Amino acid sequence: MEEKNVNVEKNIPQAEVKTINVNSNIKDGQYKCPNCGASEIMPNPNTGKLRCNYCMSEFDGKELIGVEKNISNLQGKIVGKGTQNIKEGANNMVTLKCGGCGAEIVIDTSDAPHARCHWCRSVLSVNNQLENGAIPDMILPFQTKKQEAEAKIQDFVKKRRFFANPTFKKEFTTENIMGVYFPYLIVDANAHAKFEGEGEHLVRKYTVGSGDDREYRYDADVYKVGREFDILIDDLSIESNSERLDKTSNSQTNNIINSIMPFDTENCVQYQSNYLVGYTSERRDVNIDDLEEKVNNQFKDVARFAAKEEAEFYDRGINWTTEDFHIVGTQWLAAYLPVWLYSYMEIKGNKKTLHYVAVNARTNETMGSIPINNPLLIAVSTIIEIICSALGIMLLMASSDSDDDDGSGIFALLFLAGFIFYAAMYARYRNKEARHTYEKETKKSLSNIIKNDEFIKHEKGLKNASMNDRNDNKIEGDNIKIGKLAKLSNDIKIEIAASAKQNNK
Ligand SMILES: [Zn+2]
Ligand SMILES: [Zn+2]
C-alpha cells in the first residue's frame, strides 16, 4: 500500500455556534394577501399552498434565509432559532396588536400559534420563535388530501380484518382521522470517517458428511480492509418530542409514526402559522443537547453503512476494529412534518394501548398497528400446529428409508408451523419491528475515498454462513434513552406505579 498523504487535521473551531433566523422576514400578526389585502390566509388542502379565501390567490412557500446549502462548507455548528433551548416555565402567551382593528389579542401558543381577533375576525399568527418550543424554523405543508389518507388507512385495515379485535372492527371508522404536524429536528453533517478491520470473501460453499449428519462448509479469503472518506449527510430527521422518541413504549405504538419516514424535507419552506389552520400539532420538548449524542451515533451508523456499500466484495461480512468518525460541522433546523393519523385505544383489563395507523402526508407511505383478537389467533395457530404435525409424522414414516436432501428442513417447518404462523400474523398486525431505517435511507454523498484491501489468508471448512464477529451492519443510534428522555420515562413509570397503588386501595 502506498503512503497516503491525507491531512485529516482540519481546522475545527470548537463549540462555534451560529444561530440563524430562517423566517426573519415574516412578522407576527396578520398575514395580508398581497393581492387584495384580506387576512383570510389558510392552507388549500388540495394543493398544500396557502390561499387567500377572499380573492382565491395562492402563494408558494417562501425559501429559507441564511441556510448553508452546501454541506461541505459546514464547520462548527449552525442552529436555527427554532431549535433554541426550551426554558422551563417559559411564557406561552403572546400579546399581539391586531392590524385590522387595533385591539390587543392574547394568543395561548400552547394551544395553537394562531387565533382570530374577537372583534374584527382577522386571523392573527405567531411566527417568531419562542422559548417554549412551539414555533419551528420550517414546515413541510400537507400534500395528501384527507380522502386519500382515509382510503390508505381503510385499505391497511381491510387487509388485516380476520384476526382483528372484534370491538375494534365494530368501532373502526376513518371519520376521526387527524392531520398532525409533528416536530422534528433536521440535521446535516460534514464529516470524515475511517474504518479499518478484517473482511471475508466467500470462495466455495459445499457439504460434508452424509444423511442426517450432512452440513454446509465454507471456504473464504480473509483480507485486511480499510475505507476512509469524507461524507456529507443530508437531512437526517429525528423526532423532537420526548414521547414520540420513545419507540419502545408499551402504551402507544410510536414506532409506527417513526416508520413512515423519510419525508421530502428538501421541500420545507419558511414556517408560517397560517399553515396550521385546520390541523393539529405537537410541540418540541427536547433540546439539541438532549439529542446530540444520539444524532452523532446515527451519523456514524450512516457512515458505517456507506463503508459497507464501498466494500461489497466482502460478502461474508467485515469486522471493523477501528472506527474513527469525526464531525467537522453540523446544521440543525426545527421542522414540522405532516402526518395523517388514525388512533384507537385498546383497553384490556387495566392495560391501555394506543394504536396508530399513520400516513406520511407527502409520500403516502402507510403503516399501522391493529389490535389483535388473540384467542382467535391462538385457536387457528393451534389447529395449524396439530394438522401440520400430524402431516409431518405421516411424511416422516413414509420417507424413513429414503434419503431426501432437504427433508429435515421441511419437517422442522411442519412441526413449527403453528408457531411460525402465530409469529407472522402477530408481526403483520402489530408491526412492532417497523422503524425508519435511517442508516440506509438518509441521503449521503462520499468523496476522497481511500480503499485498502490486502489479502491475508485463505480459510477452509468454516461452519458459519457469515463471518463470526462481523459488525459492519451494527446500529448504535437507535433506541438509546439518554439524558432527559431516560429521566422522563422514569418519571412516567413512577407516576404509573403511584396511580396503580391508588387504584388498588
Ligand atoms: Zn386576496
Ligand atoms: Zn381585530
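Is Cys120 buried, exposed or partly exposed? I found Cys120 partly exposed, as its relative accessible area is 31% (buried is under 20%, exposed over 50%, partly exposed in between; 1.4 Å probe, protein chains only).

I note that this is a predicted model, where local features need pLDDT of at least 70, side-chain atom pairs count only at pLDDT 80 or more, and totals for chains, interfaces and linings use all residues. Residues are numbered from 1 along each chain as its sequence is written, chains are lettered from A and ligands numbered from 1 in the order in which they are written, and side-chain values use heavy atoms, with hydrogens and water left out.

Zinc site. I looked up the donors of the zinc ion (ligand 2) and found the SG atoms of Cys98, Cys101, Cys117 and Cys120, at 2.2 to 2.4 Å. Donors are N, O and S atoms within 2.8 Å of the metal (3.2 Å for Na, K and Ca); water is not among the atoms, so sites may look incomplete. The spacing of these donor residues in sequence is C-x2-C-x15-C-x2-C. The arrangement is tetrahedral because the four donor atoms subtend angles of 99 to 115 degrees (four donors count as tetrahedral if all angles lie between 85 and 135 degrees). I list Cys117 as buried, because its relative accessibility is 0%.

Ile135. I checked this residue next and found Ile135 buried, with a relative accessible area of 1%. Ile135 and Tyr271 are 136 residues apart along the chain, and their C-alpha atoms are separated by 7.8 Å. Leaving aside neighbours within four places in sequence, the contacts of Ile135 include Gly82, Pro113 and Tyr271 (contact means heavy atoms within 4.5 Å).

How values were computed
Tetrahedral: all angles 85-135°; square planar, octahedral: opposite > 155°, others 65-115°.
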